[in-house]
There are 2 protein chains.
Amino acid sequence: MNFIEGGVCAPKGFTANGVLCGIKKGRTKNDLAAILSRSPCAAAAVFTKNLVKAEPVKLTMKNVANGKAQAVIANAGNANACTGEEGYANAKKTAALAAAAISAAGTPISEDDVLVCSTGVIGQQINIGAIESGMKGLVTGLSGAGSGNVAAREAIMTTDTRHKEAAIRVEIGGASVTLGTMAKGSGMIHINMGTMLGFITTDCAISAGMLSEALRESIEVTYNCVSVDGDTSTNDTLLVLANGMAGNPEITSKGKDYAIFLEALNALNVTMARKIAADGEGAEHLIECQVTGAKDDATARNLAKSVISSSLVKAAFFGKDANWGRILCAMGYSGETFGQAGTSVSFRSAAGEIEVFHEGVPLVFDEDKAKKVLAEGEVAILAKLSDGKGSGTAWGCDLTYDYVKINGDYRT
Amino acid sequence: MNFIEGGVCAPKGFTANGVLCGIKKGRTKNDLAAILSRSPCAAAAVFTKNLVKAEPVKLTMKNVANGKAQAVIANAGNANACTGEEGYANAKKTAALAAAAISAAGTPISEDDVLVCSTGVIGQQINIGAIESGMKGLVTGLSGAGSGNVAAREAIMTTDTRHKEAAIRVEIGGASVTLGTMAKGSGMIHINMGTMLGFITTDCAISAGMLSEALRESIEVTYNCVSVDGDTSTNDTLLVLANGMAGNPEITSKGKDYAIFLEALNALNVTMARKIAADGEGAEHLIECQVTGAKDDATARNLAKSVISSSLVKAAFFGKDANWGRILCAMGYSGETFGQAGTSVSFRSAAGEIEVFHEGVPLVFDEDKAKKVLAEGEVAILAKLSDGKGSGTAWGCDLTYDYVKINGDYRT
C-alpha cells in the first residue's frame, strides 16, 4: 500500500476542476468544483444525521439511491441549507446545468447522475446565476490531463487553512487499484457520521453494494472519530465513486479483495480524519486519543471520542496544561463503563512521553517535561485500561482564541 | 411567593459560616463552608452522573441514603476527585472532624449526618491538615445570628465571578415556609443533573420521600437545563435539607401543599440556573432559549438544550452575530423531531425583538437592529414551532476568549 500524489485525479478515468464563479462576495479562492469519471460509476454515500438537511443533501440522497453516479459538483461560500423549495430548485438546477455542459463537452450524462454538495453559510439563497455563469468554464477544464485536483480541492475550502487530499495505490486481484480523495472540514465538525464534505474516487471494480458496505465500515473508525466542536453540520456528505477502470475482478462479496480495498479505504480516511482535526478552526494542536485495554473496540472508541470532544480537555491543550483530571472526567461521562483503578494515562509527542496517572493513582510528574511534550503540534493521549483487549482512536484539536474569533463573526 | 434576603440562613434554624483555611496556595477568598440545622433534617440529593465520581460524592451518597442529615461541609480549591482511597479517607475525616467540632459546640451530631462536598482541581490530594486547622473556627462561627451565608457563599466559589444565592417565602398549610439556597458553578457545567454544587435549606415540614421527589421533579426543568461547556463534572451535587421548623402540617404526599412547595423550589432553582449560566466561565451574555409549540414539553426542553449547548451558537452570541442558521442546525441534531416548515425564530432582549426566520423561510432583516438586540447582557432565543403545545426553556452563555483563557491554564 503506497500513498501517491494526485488526489481525486489519481485513479484512472477521473478528472477534476475548480473555478471562481462568485458565489460569495469578496471570495478570491475557487468556489465551484467538479469531479467527473469518464465512465459510469458504482456510487455510495453517507450523509449528515442532522434532521435539518441542506437542500443539496436531499437531492444527492435521491440521486445516489440507485447506487450509481458519474459526476460531483460542489461549491463553497453558501451551504444552501434552511432555504426551502427555492433552495432545492437551485440544487436541482445546478445538477441540470452540469449535466448539460458535460454532455455538450462529449460525455453524455443524465442530471440524476450528478451529485451536488454545498458548504458555507446557512440560511441564505445561493447565487444560482454565478453557478450558471461559471459552469461552462468549469466543465471545459475537466478535459485536462489529471491535475485538476489542485483547482478542485481549493474550491471546497471555507475556514479551512489547508487543502486536504490523499491517494493510495494497492494491488487487488493482480491489478493496480488506486483510491483518491479530497475533503473540506474545519468547523461544525462532530462525530456523527461524515461531518464534512469528502469525495473519494477509485478505479476499483466493486459492486455498489460492497462499495456502500466498505464506506459504512470505514467511517466507523475514521470520519466518525473526529470532532472539532461538537456541532453536526447540515451539509455533511461523504461520497465514493468507483469506475472499475483498474480492471481487477469485480468485488461482489466480502473476501480477500474486499479486505484489501477496505484497508486502503481506511488508510485514506484516517489520513483525512487527521488532516481535518489538525485544521480544526483555530487549532494549534492535533490531539489523538488512543484508548487500549477497554472491554471492546466500540467502548474504546467511545471513550476516546468523549475525551477529544471535551471543551475543557481542548482548552487545557491550548494552554499546554497537563490537566489529566479532565481526561478522566470526560471518560467518566462518556456513557461507557471502565475500571478507574486499572486506568493509566500518559501524554506522548515528538518531544517524548510522560505518565501522569498510574493504575488509578495520581503521579507526581515533571511539569516542565509535560509542557514540552504538550507544546508539539501533534500530541497523543494514551489511556491504558485493564478491562480487556479493545482499542480505539479518535482525533480532535485544541480550543483556542481563534476558534472563538472565527465563529464570533463568520456570517457577516 | 416572595424572594427575600438571607440565602441558606433565611429558613428557621439554619446557620452557616465560611473561613479561609488554606486548601489551595494563594487563595485569598474563604475556602471552607459549613451549613448547620439546629435540629435533624429530612434530606435529599442528586449527584453527578459521571462514572468518575469524586471521593466526597461517594461519601455523601452513602450518608444521605437514609433520607436524613443535619450539616454540610463544602470546600473550594480542590475537588478531591481521582484521588483513590486516600481521597476517600480524607472526605471521611472531614465529616468526622466536623461532627466532633459541632458536637463539642453544643449540637450533638453523628458524622453520618454530615454531607461533604468539594470543588476545584481534579487529581490532587486535598490538604486535610488545612481543613483540620480551620474546622474549629468554622464551627464556632456557626453560632452567629444568621448572616453566615455571606461567609459561606464565598467559600464555594472557584472561577465564579459572583456569589449565587436566593431565598423564597411561601405560605403552606397556614404556616410561613422559607427556602434558601446557595450554589457554585461556572465551568464543567452541563445538562446532566445537578452540574455544580448547590445547597438548599428549608424549614418546611416534608417527608424525606416527598423531598426527594420534589427535588427530582424540579431539576428536570431547572438545573438540568443549564449548560456552560458540555462537560459534566465529577463533583456535581445538589442537596436539600428540610428541618420542619416552619410548623406546617408535614407534606407526606402529592397535593396542594406539595404543589406550592414544588413551585417555590422551581422558582428558587430557576433563579440559580440563570445565575450559573450568566456567570459561566468567561461569559458576557446569558442566553435563554425558549421553545414553544413543540409536540410535548420534553421535546421542547431537549431542543432548547441542544441550542444553548452548541459551541457555534455560543460563539455567534459572543460576536453579536444573528447567525440563526446555527440554531436550526443545533435543533436538527438534537435527536428530537420537529417540523422545519412550521418553525419561526426570533431574538429578544431589553433592546427589542427581531424575527429572522418565519415558518421555514429566511427573512431579510435589519442587521443593525439585530446587533443591538444581541448586544444586551441577557438575550432570549424564541423558537416557535407548529407541532403542538409543548414548551421548554434552557439557559447557557456565550463562548468567549476568556473561557479559553480561564481553561487553558486553570490547574497550574
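Is the crossing of H2(B) and H3(B) left-handed or right-handed? In this predicted model, the crossing of these two helices of chain B is right-handed. The predictor assigns the complex an ipTM of 0.73 together with a pTM of 0.79, and chain A has a mean pLDDT of 89, with 95% of its residues reaching 70 or more.

**Confidence**

- Within chain A, the pLDDT falls below 50 over residues 191–195, although this stretch still has 30 contacts in the model beyond near neighbours in sequence.
- Where pLDDT is low, the predicted coordinates should not be read in detail.

**How the two chains are related**

- Chain A is superposed on chain B by a rotation of 180° with 0.0 Å of shift along its axis, and the RMSD of this superposition is 0.0 Å.
- That relation is the one given by a two-fold axis.
- In chain A, the C-alpha nearest the axis belongs to Tyr401(A), which lies 2.5 Å from it.
- Both copies use the same surface, since 100% of the contact residues of chain A recur in chain B.

**The contact between the chains**

- Chain A contributes 55 residues to the contact, and chain B contributes 55 residues as well.
- On the side of chain A that touches chain B, at least two residues each come from helix H8 (311–318), helix H9 (325–332), strand E13 (361–362) and helix H11 (401–408) of chain A.
- H9(A) supplies the largest share of that side of chain A, namely seven residues.
- Sorted by class, the side of chain A that touches chain B consists of 23 nonpolar, 24 polar and eight charged residues.

**Helices H2 and H3 in chain B**

- Helix H2 (residues 84–104) of chain B packs against helix H3 (residues 128–140) of chain B at an angle of about 25°, and their axes are 9 Å apart.
- Because angles under 35 degrees count as roughly parallel, H2(B) is described as roughly parallel to H3(B).
- From H2(B), the contact draws on Asn90(B), Lys93(B), Thr94(B), Leu97(B), Ala98(B), Ala101(B) and Ile102(B), while H3(B) brings Ile128(B), Ile131(B), Glu132(B), Met135(B), Lys136(B) and Val139(B).
- The residues in this contact of H2(B) with H3(B) comprise eight nonpolar, two polar and three charged ones.

**Helices H2 and H3 in chain A**

- In chain A, helix H2 (residues 84–104) and helix H3 (residues 128–140) pack at about 25° with their axes 9 Å apart, and H2(A) and H3(A) are therefore roughly parallel to each other.
- The crossing of H2(A) and H3(A) is right-handed.
- Residues of H2(A) in the contact include Leu97(A), Ala98(A) and Ala101(A), and those of H3(A) include Ile128(A), Ile131(A) and Met135(A).
- By class, the contact of H2(A) with H3(A) holds eight nonpolar, two polar and three charged residues.

**Helices H5 and H6 in chain A**

- The axes of helix H5 (residues 208–221) of chain A and helix H6 (residues 256–278) of chain A come within 9 Å and cross at roughly 45°, which makes H5(A) oblique to H6(A).
- The crossing of H5(A) and H6(A) is right-handed.
- On the side of H5(A), the residues that meet H6(A) are Met210(A), Ala214(A), Glu217(A), Ser218(A), Ile219(A) and Val221(A), and on the side of H6(A) they are Tyr258(A), Phe261(A), Leu262(A), Leu265(A), Asn266(A) and Asn269(A).
- Eight nonpolar, three polar and one charged residue make up this contact of H5(A) with H6(A).

Key
Residues numbered from 1 in each chain as written. Chains lettered and ligands numbered in written order. Predicted model: local features only at pLDDT ≥ 70, side-chain atom pairs only at ≥ 80, totals over all residues. Axes fitted to C-alpha atoms, helices over the stretch in contact; angles between N-to-C directions. Helix = DSSP H or I, 4+ residues; strand = E, 2+ residues; numbered from the N terminus. Parallel < 35°, antiparallel > 145°, perpendicular 65-115°, else oblique. Left-handed = near helix turned anticlockwise from the far one by under 90°. Contact = placed C-beta atoms within 7 Å. Nonpolar A, V, L, I, M, F, W, Y, C, P; charged D, E, K, R; others polar. Least-squares fit on C-alpha atoms with pLDDT ≥ 70 in both. pLDDT = per-residue confidence, 0-100.
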